[in-house]
Amino acid sequence: MEKSVLYIVNPISGNARKKRAIVSLLRGKGCNLRFTSCAGDAVDIARNASEDTIVAVGGDGTVNEVARGIAGTGKTLGIIPCGSGDGLARHLGIRGRFSRMVSIIEEGHTAALDWGTIDGKPFFSVCGVGLDAIVSERFARAGKRGLETYVKEALATWKDFKPDHYIITVDGVRIETDAVLITVGNSSQWGNGAKITPLARTDDGLLDVSIVKMFKDLEIPALVTELMTGTINRNKHVICLKGKEITIERNNAGPCHFDGDFTDGGKTVEIRLQSDPLRVIVPSSYRCAQ
């Protein structure tokens, strides 16, 4: 029996021209569309939908909301990325022409999608604390999206940045160190191809942890190159671990980030892998974890 599909569109995420193009394509194919009107709207629409497959048309934040809405329902998640970074979609190989991405949805190949929580808030791609969380907060308040704005806010944050002291416990393994940032990845990247947890798999039943210790300004070009080539795990300033239960203790409360959004966090942050993975539509070429 053919499965029913609902496309949930965030009308304000990403490039407006691209959004008009994908909406026009979907309408031309007679697809069932719903548009969000405010933050959190996609959660309710997805949760209450009668369709079997719910497709998020937007950025990582929209994907997060749709995935939250269908977690535990048995519905399948689809993604058509239209955001600023699109980290989860890029990890899954969902990119290219919109016609190709719609074809991926129609073909319906699926894989398991692990997910976790950071202080009880669900995430499906990456989360963390430190420099990138501060940048995420500044980026959200900047009023303008895109890679250029993110880089601008990152450079401004780095100018006066001082690392915090952390105690990180991953499945009972304890590490104490000063760190620039700590990222926990279910997928491999923040977005735009920047692979901060390059060994992560979305279907292996584990979360990947990258602890980035302090580095010098002269080392930034090499770090950026390693981020973009998926080799940052080899850097001498980076500690990589895998696990299901992660506790981060720090001297100072501050922001946390999850799937492109941010939230206020305390001195202790609890990150947990959940036991009920979703199903997500992926390209037929996607390689599942062994």
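In which sense, left-handed or right-handed, does helix H2 pass helix H3 in their crossing? In this predicted model, H2 passes H3 in a right-handed crossing. The axes of H2, which spans residues 41–48, and of H3, which spans residues 60–70, come within 7 Å and cross at roughly 35 degrees. On the H2 side the contact is made by Asp41, Ala42, Val43, Ala46 and Arg47, and these meet Glu65, Val66, Arg68, Gly69 and Ile70 in H3. Sorted by class, the contact of the two helices has five nonpolar, four charged and one polar residue.

From these helices the reader may turn to the sheet. It is an open sheet of six strands with mixed pairing, and its order is E2-E1-E3-E4-E18-E5. Strand E2 (32–35) and strand E5 (110–113) form the edges, each pairing on one side only. If direction is ignored, neighbouring strands of this sheet are turned by 30 degrees against each other on average. Strand E1 (residues 5–9) and strand E3 (residues 53–58) are joined in the parallel sense by five bridges, and within this pairing Val9 has Val57 in E3 as its bridge partner. Helix H2 packs on the sheet, where it touches E1, E2 and E3, and its direction makes about 170 degrees with that of E1. Helix H5 also packs on the sheet, touching E1, E3, strand E4 (76–81) and strand E18 (278–281), with a direction that makes about 175 degrees with that of E4.

Leaving aside residues up to four places away in sequence, Val57 touches Tyr7, Ile8, Val9, Asn10, Lys19, Ile22, Leu26, Thr62, Ile80 and Cys82.

Strand E15 pairs in the antiparallel sense with strand E8 (residues 126–130) over three bridges, and Phe258 in E15 is the bridge partner of Cys127. Strand E15 also runs antiparallel to strand E16 (residues 261–265), to which five bridges join it, and here Pro255 stands opposite Asp264 in E16. The hairpin of E15 and E16 has two residues between the strands, and in this hairpin Asp259 takes a positive phi near 50 degrees.

Key. Residues are numbered from 1 along each chain as its sequence is written. This is a predicted model: local features need pLDDT of at least 70, side-chain atom pairs count only at pLDDT 80 or more; totals for chains, interfaces and linings use all residues. Side-chain values use heavy atoms; hydrogens and water are left out. Axes are lines fitted to C-alpha atoms, for helices over the stretch in contact, and angles run from 0 to 180 degrees between N-to-C directions. Helices (H or I, at least four residues) and strands (E, at least two) are DSSP runs, numbered from the N terminus. A crossing is left-handed if the near helix is turned anticlockwise from the far one by less than a right angle, and right-handed if clockwise. Contact means heavy atoms within 4.5 Å. Ala, Val, Leu, Ile, Met, Phe, Trp, Tyr, Cys and Pro count as nonpolar, Asp, Glu, Lys and Arg as charged, and the others, Gly among them, as polar. Two strands pair if DSSP finds at least two bridges between them.
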